[in-house]
Amino acid sequence: MLQYALKRAVLALLVALTVSLICFLLVNLSTDVATAMAGEGATAETIDAIRHQYGLDRPLAVQYFEWLGHAARGDFGDSLYFHTPVAALVAERMPTTMVLGAAALGFALLLSIPLGVIAALKPNSWIDRLALTIAVVGQAMPTFWFALLLMYLFGVTLHLLPISGGDTWQHFILPSVALGYYATPAIMRLTRSGMLEVLESDYIRTARAKGLRNTSVLFKHALRNAVAPVVALAAVQLGFLLGGSVVIETVFALNGLGYLAWEAIGHNDFPVVQAVVLLISLVYIVLTLLADLANAWLDPRIRIA
Amino acid sequence: MTALLQVEGLRVEIPTPMGRLHAVRGVDLALGAGETLCLVGESGCGKSLTALALMGLLPRAARRSATRFAFAGEDLQRAGERRMADLRGNRLAMIFQEPMTSLNPSWSIGNQLEEGWLRHRGGHRAAARERALHLLERVGITGAAQRLGQYPHELSGGLRQRVMIAMALMCAPALMIADEPTTALDVTVQAQILHLLKELQREFGMGLILITHDLGIVARVADRVAVMYAGEIVEQGPVAQLFARPAHPYTRGLLACIPVPGRLAPGERLGTIPGVVSPPIGTLTGCQFRNRCAEAEDQCATRAFELRGLGGSHRLRCRLGNAI
Ligand SMILES: Nc1ncnc2c1ncn2[C@@H]1O[C@H](COP(=O)(O)OP(=O)(O)OP(=O)(O)O)[C@@H](O)[C@H]1O
Ligand SMILES: [Mg+2]
């Protein structure tokens, strides 16, 4: 198990390095960094001076390693728009997004796994159809539209929940539901198909041949094998959710990373964009690594691979 | 001898895209305590589905019916899933045909052996573990203590099958159904396992229904034999009588390639009979074996044949019989 974990960790590190390179190139090849830094209306001499001052006239490889070295120490330079260190900005906004992401995933899992299991136990029943409807609607409906619908229903009409800002935990309910609903269909369908497959398997028949109670056939023998792929999917979905937080945070005026990215893109604030993209990618890589390890723990066959 | 199992008119039907498959069609079985019944027949004739029907473990799509289903004096015909679950693994156990996939990959061997005991007997895990260890040794697994901590993927097919056998024996069942339990094993292990099953049978008075392709095994362990064809029992009787005077053309075909009945080389397989089985789908009339039978007549296509006695408990489903 330890050897497997080490192997996975090394792999994750390599992926992280590749991602950092892509992050760096994306910005440096798509815009002229010196022009962006100089701001609008700068003369050619000013731009050239900045290019020289910040070492932007050196080969890209040298610039990359320098940037990487700083980034590894948490130094992403200063924001061009906010005029504060990027690291501080990100650190300030991060908790909001993490809470939102975790709550959204929690909501998605709580809704989709039980629904998927019940749908698999009673295929073609009304609850299976309901689950299918939820999945289809969830996939067809744009996130922001669903968010607006929730805001209108629970905020404007019923006055049950706040719809803007992030001061209390109640502020997080609607954004989490709106964001988490987006991840529900995929997780539910995978749970359902996984359960259906596992329930037909020979070892479930063996478990029933031992006279085990339905609950232990279901939870001990079936669910554990059926959810192994769900763990990996949930990690991937959380990555998507963090990406989706740009829209949701903007709609609900939650001051998180997504909102920050939205502002930074609008103002051509490339150090911030770079940092946010890199950070979300890293979170994503770590999640995938954790999912792999969880899978190995759930399925002993993987451990020796 | 009190009857342990009495089943009459057992049917299993499965809807398929081609029509309703009559996989088991009116099977009668009776078994006393300590008795061994061998169920033989070609692949696909419904042996496994018969066994699964007795256990209440049929696939979801399959429908079971019977005119009589009694086990140890209890009428199980209307028994609910809860009652069946109380019996399964406790008084009624089964070894499956598929040793490679019948163990859960996520739990250790020990855990999977113990849970049946814990479900039916309760008590401490230590007692269950002791029993598991004892049985693993009995089925000829060396280093049993280490095996308890291993996972199915670490075991070969033969070992897995022995674990399955030990698992079925955990609560010392009154009736054991073994579906080709030794097919995956080599000949010496095969002999060992059969010996063990017989020994445990003597020890506990366990009834044994053994499904096999191997007529050598039948000759060695069976008290009675039932020959199945296309979902029906076509001939049934005490092993000596059936081997000495097979009455059904199908049974004779099976035994044809065996030189000395009753004294077979181990590993001897069923003889091959020319022709193919047509699956019993839709409305069926007459004898299903007729298109492969050298002695078929016009009436074989239309008449309904019942099992009738030939003397003793030897019974036959064919127009022939008296001529032999
Ligand atoms: N789940 C199922 N769905 C549809 N048909 C099935 C199913 N299980 C078995 N059958 C069919 O029912 C018939 C009897 O199957 P069964 O498994 O009882 O045969 P068997 O006598 O045990 O054969 P073998 O010696 O190969 O194990 C076969 O034609 C098989 O294709
Ligand atoms: Mg079979």
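Chain A carries 18 positive and 19 negative side chains, and the centres of the two sets are 25 Å apart. Lys and Arg are counted as positive and Asp and Glu as negative, leaving out His and the chain ends; each charge is placed at NZ of Lys, CZ of Arg, CG of Asp or CD of Glu. This is a predicted model, in which local features need pLDDT of at least 70 and side-chain atom pairs count only at pLDDT 80 or more, while totals for chains, interfaces and linings use all residues. Residues are numbered from 1 along each chain as its sequence is written, chains are lettered from A and ligands numbered from 1 in the order in which they are written, and side-chain values use heavy atoms, without hydrogens and water.

**Chain A: fold and surface**
- Chain A contains 13 helices and 0 strands (DSSP runs numbered from the N terminus: helices are H or I with at least four residues, strands E with at least two).
- The C-alpha trace of chain A spans about 85 × 55 × 30 Å along its principal axes.
- Of its 305 residues, 46% count as buried (under 20% relative accessible area; exposed is over 50% and partly exposed in between, with a 1.4 Å probe and protein chains only).
- Among contacts in chain A with a separation of 6 or more, 73% join residues 24 or more positions apart (contact means heavy atoms within 4.5 Å).
- Carbon and sulfur atoms make up 69% of the accessible surface of chain A, which is about 15,400 Å² (Shrake-Rupley method, 1.4 Å probe).

**Chain A: confidence**
- The mean pLDDT of chain A is 86, and 99% of the residues score at least 70 (pLDDT is the predictor's confidence in each residue, from 0 to 100).
- Within chain A, confidence is highest in helix H9 (residues 202-209), at a mean of 96, and lowest in helix H13 (residues 300-303), at 73.
- Where pLDDT is low, the predicted coordinates should not be read in detail.

- Ser48(B) belongs to helix H1 (47-55) of chain B and Gln97(B) to the loop between strand S7 (92-95) and helix H3 (109-121), so the pair ties together parts 49 residues apart in sequence.
- Ser48(B) is partly exposed at 22% relative accessibility, and Gln97(B) is partly exposed at 33%.

**Chain B: Leu37(B)**
- Leu37(B) sits in strand S3 (residues 36-40) of chain B and is buried, at 0% relative accessible area.
- Beyond its neighbours within four places in sequence, Leu37(B) has contacts that include Leu29(B), Leu208(B) and Val225(B).
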